[in-house]
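Subject: Structure handover

Hello,

Here is the structure for your files. My notes follow below it.

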Amino acid sequence: MDRLKGAGMLGLAAVACPCHLPILLALLGGTTIGAVLMANVLPVFVLLGVVFVGALALGLRGLESGSGRACAPQEPRRSR
């Protein structure tokens, strides 16, 4: 289940990436949501940046914990 949540968070990170803001504005142009986004570009950019970083961190952590490949402590080698 952690892998599924991790993949979902990475999908959210891809959509919320601030570099996609011009694409969102172009797609939502002429709508009320597009007008609100255009009137508040800087706060939306900062908010999307925070959501992107948080979703990316949680998504990568979810994929890492679900992989089951945790490192076990190594025993020191004995010299002959």
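Valine 44 touches Leu21 and Leu37, its neighbours within four places in sequence left aside. Contact here means heavy atoms within 4.5 Å. The model is a predicted one: local features need pLDDT of at least 70, side-chain atom pairs count only at pLDDT 80 or more, and totals for chains, interfaces and linings use all residues. Residues are numbered from 1 along each chain as its sequence is written, and side-chain values use heavy atoms, with hydrogens and water left out.

Back to valine 44. The residue sits in helix 4. Helices are DSSP runs of H or I, at least four residues; strands are runs of E, at least two; both are numbered from the N terminus. Valine 44 counts as buried because its relative accessibility is 16%. The classes are buried under 20% relative accessible area, exposed over 50%, and partly exposed in between, with a 1.4 Å probe and protein chains only. Proline 18 is 26 residues away from valine 44 in sequence, yet their C-alpha atoms are 8.6 Å apart.

Which residues make up the largest nonpolar core? There are 6: Ala16, Leu21, Leu25, Leu37, Val44 and Leu48. Helix 2 and helix 4 are the elements that give two or more residues to this core. A nonpolar core is a set of buried Ala, Val, Leu, Ile, Met, Phe, Trp, Tyr and Cys residues joined through side-chain atoms within 4.5 Å.

Now the chain as a whole. It has 4 helices and 0 strands. The pattern along the sequence is α-α-α-α. The chain has 80 residues, and 19% of them count as buried. Take the contacts between residues at least 6 apart in sequence: 77% of these join residues at least 24 apart. Areas come from the Shrake-Rupley method with a 1.4 Å probe; for residues, only the protein chains shown count as cover.

On the surface, Leu42, Phe45, Val46 and Val50 form a nonpolar patch. Together they have about 410 Å² of accessible area. Patch residues have over 30% relative accessible area and no salt bridge; like charges are joined within 9 Å, and nonpolar side chains (Val, Leu, Ile, Met, Phe, Trp, Tyr) within 5 Å. A salt bridge is a side-chain nitrogen of Lys or Arg within 4 Å of a carboxyl oxygen of Asp or Glu. Valine 50, one of the patch residues, lies in helix 4, residues 41-66. Valine 50 is exposed because its relative accessible area is 57%.

Histidine 20 is in the loop between helix 1 (2-16) and helix 2 (21-27). At 29% relative accessibility, histidine 20 is partly exposed. Leaving aside neighbours within four places in sequence, it contacts Ala14 and Val15. Histidine 20 and phenylalanine 45 are 25 residues apart in sequence, and 9.8 Å apart from C-alpha to C-alpha.

Are cysteine 17 and cysteine 19 buried or exposed? Cysteine 17 is buried, at 13% relative accessible area. Cysteine 19 is exposed, at 53%. The structure holds 0 disulfides (pairs of cysteine sulfur atoms within 2.5 Å).

Last, aspartate 2. This residue is in helix 1. Aspartate 2 is partly exposed, with 42% relative accessibility. Glycine 62 is 60 residues from aspartate 2 in sequence, but the two are 5.3 Å apart in space, C-alpha to C-alpha.

Best wishes
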